[in-house]
Amino acid sequence: MRAFVSLLLAASCFQMFALAYPLAAQDDTLPAFLKDRGTGIPTSMFGTYVREGELLIYPFFEYYLDNDLEYKPDELGYGADIDYRGKYRASEGLIFLGYGISDRLAIEFEAAVIDASLESAEDDTTDVPDKIQESGLGDVEGQLRLRWNHESERSPEFFTYFEAVAPNQRDKVLIGTPDWELKLGSGAVRGFSWGTMAGRLAMEYSVEEDKFELGEFALEYLKRLSPTWRVYLGAEGAQDEIGLIAEAQWHVTKSVFFKFNNGIGITSKATDWAPEVGVVFSVPVR
């Protein structure tokens with residue numbers, strides 16, 4: 001809650017900041033297929049791209065509400081290998097950093113602090129407590145993102161990314177990451193007069209389970225409505241967990257924009273509701 005209040009205060013401050021530093025005019029020199037996204041490399045943040053020599057700083061808050069989270073008591077340390085559905089709630093404050101090393105290579109870093117709880121199912125007769133609550137440092141991860149080519153009027157842009165999530169809070173059953181989690185994915189971006197489409201697919205490897213499996217996939221749409229507003233729509237998931245995401249981006253200056261994001265699960269195993277709000281700072285490093 002304190003993180004959410006802080007973001008609201010930041011929003012008020014930057015409303016005043018926007019009056020002093022007007023938004024840069026839309027770059028009319030860009031070809032039509034780049035009008036929505038610009039010239040940057042795709043990042044892991046929805047509808048967000050980073051250019052060469054640009055540092056993106058994105059503090060944000062996310063909330064999770066899931067009334068039918070699937071869990072197994074043995075995964076929580078209570079023995080039984082049976083599927084139950086419990087009530088999950090979490091509040092998470094995160095910081096994302098992205099930097100464009102060149103016009104083809106970018107790096108990312110993300111870390112979180114989280115407060116999460118799980119209420120066990122009414123029909124759970126195992127020794128799982130009625131409520132488990134944990135808080136502390138959440139996921140800490142990094143990515144390397146490579147653009148293979150530049151989009152043209154006739155061909156899309158292709159990119160590859162590698163992600164590593166570090167082991168953390170190994171004694172925590174809700175917020176911990178027992179061992180390294182690795183991900184390798186690829187995607188493509190193509191701009192049209194009616195908007196920009198992107199798609200991606202990844203494979204994941206869990207060191208703890210020592211197995212590969214199909215990871216996240218997504219189909220995304222981004223449209224620049226004006227120099228101030230962009231809208232994003234997407235479907236993202238992994239295996240049988242699929243959600244719909246809608247986002248509005250308010251560009252108050254050439255170097256500051258707010259992201260208002262809302263995720264809704266469309267399969268039973270996906271998180272029911274996951275709103276997100278934050279502010280992106282663009283800092284030229286060179």
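**Basis of the entries.** I note that this is a predicted model, in which local features need pLDDT of at least 70, side-chain atom pairs count only at pLDDT 80 or more, and totals for chains, interfaces and linings use all residues. Residues are numbered from 1 along each chain as its sequence is written, and side-chain values use heavy atoms, with hydrogens and water left out.

**Confidence.** I read pLDDT as the predictor's confidence in each residue, from 0 to 100. The protein chain has an average pLDDT of 91, and 90% of the residues score at least 70. Residues 1–26 fall below 50, and beyond near neighbours in sequence this stretch has 33 contacts in the model; a contact means heavy atoms within 4.5 Å. Where pLDDT is low, the predicted coordinates should not be read in detail.

I returned to Gln239, whose phi is near 55 degrees, a positive value in a residue other than glycine. Gln239 counts as partly exposed, at 44% relative accessibility; buried means under 20% relative accessible area, exposed over 50%, and partly exposed in between (1.4 Å probe, protein chains only). Gln169 also has a positive phi, near 50 degrees, and is found in the loop between β7 (157–165) and β8 (181–192). Most residues other than glycine have a negative phi.

**The barrel.** I traced 12 strands that close into a barrel, in the order β3-β4-β5-β6-β7-β8-β9-β10-β11-β12-β13-β14, with antiparallel pairing. Neighbouring strands of this sheet are turned by 20 degrees against each other on average, direction ignored; axes are lines fitted to C-alpha atoms, for helices over the stretch in contact, and angles run from 0 to 180 degrees between N-to-C directions. Two strands pair if DSSP finds at least two bridges between them. Strands β3 (residues 54–71) and β4 (residues 84–100) run antiparallel and are joined by 15 bridges. Within this pairing, Pro59 stands opposite Ile95, and Ile57 has Leu97 as its bridge partner. Strand β5 (residues 105–119) pairs with β4 in the antiparallel sense over 14 bridges, and the two form a hairpin with four residues between them. Here Tyr99 has Ile107 as its bridge partner.

**Nonpolar cores.** I took a core as a set of buried Ala, Val, Leu, Ile, Met, Phe, Trp, Tyr and Cys residues joined through side-chain atoms within 4.5 Å. The largest has 15 residues, of which Tyr88 and Ala116 touch the most other members. β3, β4 and β5 each supply at least two residues of this core. Apart from it lies another core, of 12 residues, among them Ile41, Met45, Ala112 and Val280. Leaving aside neighbours within four places in sequence, the contacts of Tyr88 include Tyr64, Leu69, Ile114 and Ala116.

**Gln143.** Is Gln143 buried or exposed? I found Gln143 in strand β6 (residues 131–147); the residue is buried, because its relative accessible area is 7%. The side chain of Gln143 makes polar contacts with the side chains of Arg145 (2.5 Å) and Glu163 (2.6 Å). A polar contact is a pair of N or O atoms within 3.5 Å; within protein, one must be able to donate a hydrogen and the other to accept it, and residues adjacent in sequence count only if both atoms are side-chain atoms. Not counting residues up to four places away in sequence, Gln143 touches residues including Ser44, Ala106, Tyr161 and Glu163.
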